[in-house]
Amino acid sequence: MSGLFSAASIPELRKRVIFTLLMLLVYRMGVQIPTPGINGDALAAFFEKNASTLFGMFNMFSGGALENFSIFALGIMPYISASIIIQLLTVVVPQLEALSKEGEAGKRTITKYTRYGTVVLSVIQGFFIATGLENMTSPNGVPIVIDPSLQFRLMTVLTLTSGTAFIMWLGEQMTERGIGNGISMIIFSGIVARMPAAVANTVELIKSGELSLIFLPIIVAMMFLVVGFIIFVETSQRRIPIQYAKRVVGRRVYGGQSSHLPLKINVSGVIPPIFASSIMMFPATIGSFIHVDWVQQFSAALSPGTVYYYLMYVGMIVFFCFFYTAVTFKPDDVAENLKKNGGFIPGIRPGKKTAEFLDHALVRLTVVGAVYLSAVCVMPTLLIQQLNVPFYFGGTALLIVVGVAIDTIAQIESHLVMRNYDGFMKSGRIKGRH
């Protein structure tokens, strides 16, 4: 609490925290604004019946916006999908690769392309969803769309696309002027906002006898174990020793000190599960609205609970672990910077050998991180499906919540350190394990 009071006493940090909270409040208010032309009661009944399907998972990531079919029903997933596509194209398209190396100007151009891609994907998804809703009814046979027509489709596409564009803008503003990564914070707030509903739903399952009371302590204990395991791994590091050579300038001696290069076990953070979930939901969601035999079979094969779903999900997590790590950490650049500053790894020659050593260490850490992410995201979900518990208690949701919370606290503590505060804990700042 003393750390929180210290944070509140720093004007700049206080403004950033307040700005972030206000933007999240705006987002949560938008979740409650419904899209025109929808029968809310029929849609709520539909989602109540399909809470344990793909719709339940998509609704979790949208923070309940899909269940209300609000103006933010598409959530931030089109932006994430566009980011994935642009980053993949950066590797294979020389022009984009050149832009990525042009510093801040190139980054702004790539961000502009990502925004355009977000709008295109939002239009496509909005059209498919609007078309699918016209053919859907509640369990009682009540149509979800009040007046199916071309006007409804155009209005829905325009509304959903505008909502996603506004969420994208909110996320960028939070990243620039607030605390934490704005996109991650939006997903975080959506999951946290659905937690009370998940608890209430679990209570109802116990009352109805669908969930045995005996399994409740097991579920709670599993949640605490998963959270503790996530915190342990996310704060763990491999510290590579760095020695700086002594330099004599005039009568003064510079350098000669020892330091270390911290490499997190999970270098990519929560990005791979978010990216993998986005890709897994995109084709299956479209398939849920198109009533064609082969599309329905494909959708059913990739629905949560099937072997193909978990195999593809784990494969996506592993791929994005290596891909995102390769994008964010460049061993050649790190080795070159160490060489320029007179630093070297004991026993390793500067330059190419140092880059090879870092690359080898990074590959091994990424393998461990990919196994960790896959286990956390898949194993609890497998057990939960056997116990008939909602998606909100799954490993993916816990990983995102805990991971984003740790990153946000670390950013707040970095501001406190710059102002000579001790952080949130008396023993000091969050320290990596090695």
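Guide: Contact here means heavy atoms within 4.5 Å. This is a predicted model, where local features need pLDDT of at least 70, side-chain atom pairs count only at pLDDT 80 or more, and totals for chains, interfaces and linings use all residues. Residues are numbered from 1 along each chain as its sequence is written, and side-chain values use heavy atoms, with hydrogens and water left out.

Visitor: Leaving aside neighbours within four places in sequence, what is isoleucine 80 in contact with?

Guide: We skip the residues within four places of isoleucine 80 in sequence. What remains on its contact list is Ile183, Ile187, Ile274, Phe275 and Ser278.

Visitor: Which residues touch the most other members of the largest nonpolar core?

Guide: A nonpolar core is a set of buried Ala, Val, Leu, Ile, Met, Phe, Trp, Tyr and Cys residues joined through side-chain atoms within 4.5 Å. Buried means under 20% relative accessible area, exposed over 50%, and partly exposed in between (1.4 Å probe, protein chains only). The largest core has 55 residues, and those touching the most other members are Ile80, Ile230 and Leu399.

Visitor: How many residues are in the second, separate core?

Guide: Phe46, Leu74, Met136 and Val145 are included in that one. The count for this second core is 16 residues.

Visitor: Which exposed residues sit on the face of α2 turned away from its buried side?

Guide: Buried residues in α2 include Phe19, Met23 and Tyr27. The face turned away carries Lys15, Leu21 and Met29.

Visitor: How many disulfides does a search of the whole structure find?

Guide: A disulfide is a covalent bond between the sulfur atoms of two cysteines; the cut-off used is a pair of cysteine sulfur atoms within 2.5 Å. The sulfur of cysteine 321 is 8.9 Å from the closest cysteine sulfur, in cysteine 377, which is too far for a bond. Cysteine 321 counts as buried at 1% relative accessibility, and cysteine 377 does at 2%. The total for the whole structure is 0.

Visitor: Is the aromatic pair of phenylalanine 72 and phenylalanine 166 stacked or edge-to-face?

Guide: Rings of Phe, Tyr and Trp (its six-membered ring) pair if their centres lie within 6.5 Å; planes under 30 degrees apart count as stacked, over 60 as edge-to-face and the rest as tilted. These two rings are 6.0 Å centre to centre, with 15 degrees between the planes. Phenylalanine 72 is buried at 3%, whereas phenylalanine 166 is partly exposed at 33%. The pair is stacked.

Visitor: Which residues form one aromatic cluster?

Guide: Phenylalanine 72 lies in the loop between α5 (65-68) and α6, and phenylalanine 166 in helix α9 (residues 150-177), 94 residues apart. The cluster consists of Tyr27, Phe72, Phe166 and Trp169.

Terms used. Helices (H or I, at least four residues) and strands (E, at least two) are DSSP runs, numbered from the N terminus.
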